[in-house]
Amino acid sequence: DGEVHINELKNGNTEMFWNPTSEVRRQRLKRHIVLFEEQTDFESERLWQHVTSAINKGDQHKATQEKFVLEEEQRNAARERRESGTEWKPLLFQHDAMTNEWRYKYEDLRPWDPLNDIAQFEKDGILQTMERHLSTRMSNHKATCINNQITRHKRSAKDCRRRKTSDQPSNHSQNTESSCSTPESVQELSDDDGKYLGFESLCAQCGKEMNHLKEIHSAVLSLQKAQQDIHR
C-alpha cells in the first residue's frame with residue numbers, strides 16, 4: 001500500500017511505477033492473519049521470519065544466507081524420507097495427475113453470491129464460507145431425524161412379526177400382531193405423511209439449532225446495518 005519506484009541504474013532516472021490513492025486503500029480487502037505465537041513451525045510468517053527480518057533491514061547478504069539454511073533443511077528432510085521410504089502426505093493439497101499440478105483440497109470455485117455469502121474465513125488451514133441461507137443444513141438434519149424415526153418404526157414392526165411367528169400362537173397374539181403398524185411403505189413418506197405418523201416434532205436438537213441459527217442471523221443483520229450506518 002505504498003509507493004513503488006523504478007530506478008534506472010544506467011542513467012540514474014527514477015520513475016513512479018505505483019502510487020496507491022486513498023480510494024485504492026479504502027477498497028483493499030481486510031487482512032486477517034493468525035497471531036504469530038499461535039502459528040506452527042511451518043507456517044510462512046514463522047518459517048521465513050529471519051529472512052523477512054533481514055530484508056526489512058536491507059541486508060540482502062543475511063537474507064540470502066537465511067534462505068539457504070531453510071532450503072538446505074528441506075532438502076535434508078526430503079532425503080531422509082526418501083531413504084526411509086516415508087511418503088510425504090500434504091494436509092491441504094493433493095496432486096492432480098492429469099495436469100501434474102498440486103491443487104488445494106478444499107477449493108470452492110463457485111461464484112461469490114452477494115445475496116447469500118456473508119464472509120470467507122480460514123480455520124485450521126481450511127477456507128470456508130459463512131452463508132446467510134442455512135436451510136440446506138437444517139433440511140439435512142431434519143432428514144437424519146426422520147430416518148431415525150423410520151428405523152425405530154421398522155424395529156417395532158420387526159418385533160411384531162416375531163410375536164406373530166411364536167411357537168404357540170393364540171387369538172391374543174394374533175390381535176397383538178394386527179395392532180402393530182406395518183411401515184412397508186414408510187420409505188416413500190412425504191413430510192405430511194411424517195406429521196401423520198408423529199414426526200412433526202423431529203427432535204429437541206432441531207428446535208434448539210433453529211433458534212440458535214435465528215439468533216446468529218439476527219446478529220449478522222444487526223452488524224450489517226451498523227456497517228451501512230458507518231459508511232453513510
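Glu66 and Lys62 both belong to helix α4, where they stand four residues apart, about one turn of the helix; helices (H or I, at least four residues) and strands (E, at least two) are DSSP runs numbered from the N terminus. The model is predicted, so that local features need pLDDT of at least 70 and side-chain atom pairs count only at pLDDT 80 or more, while totals for chains, interfaces and linings use all residues. Residues are numbered from 1 along each chain as its sequence is written, and side-chain values use heavy atoms, with hydrogens and water left out.

Glu66 forms a salt bridge with Lys62, the closest N and O atoms being 3.1 Å apart, where a salt bridge is a side-chain nitrogen of Lys or Arg within 4 Å of a carboxyl oxygen of Asp or Glu. Glu66 counts as buried at 17% relative accessibility, whereas Lys62, at 36%, counts as partly exposed (buried means under 20% relative accessible area, exposed over 50%, partly exposed in between, with a 1.4 Å probe and protein chains only).

Both residues also take part in the packing of α4 against α3, in which His50, Val51, Ala54 and Ile55 of α3 meet Lys62, Ala63, Glu66, Lys67 and Leu70 of α4, contact meaning heavy atoms within 4.5 Å. Helix α3 (residues 49–56) and helix α4 (residues 60–84) pack at an angle of about 170°, with their axes 8 Å apart; the axes are lines fitted to C-alpha atoms, for helices over the stretch in contact, and angles run from 0 to 180 degrees between N-to-C directions. The two helices α3 and α4 are therefore roughly antiparallel to each other, a term applied to angles over 145 degrees.

A further salt bridge joins the side chains of Asp117 and Arg110 (2.9 Å, N to O), and Arg110 also meets Glu131 in a salt bridge (3.3 Å, N to O). Glu131 lies in strand β6 (residues 126–131) and Arg110 in the loop between β4 (101–104) and β5 (117–123), so this pair ties together parts that are 21 residues apart in sequence.

Val24 is found in helix α1 (residues 22–27).

Notes:
Angles under 35 degrees count as roughly parallel, over 145 as roughly antiparallel, 65 to 115 as roughly perpendicular and the rest as oblique.
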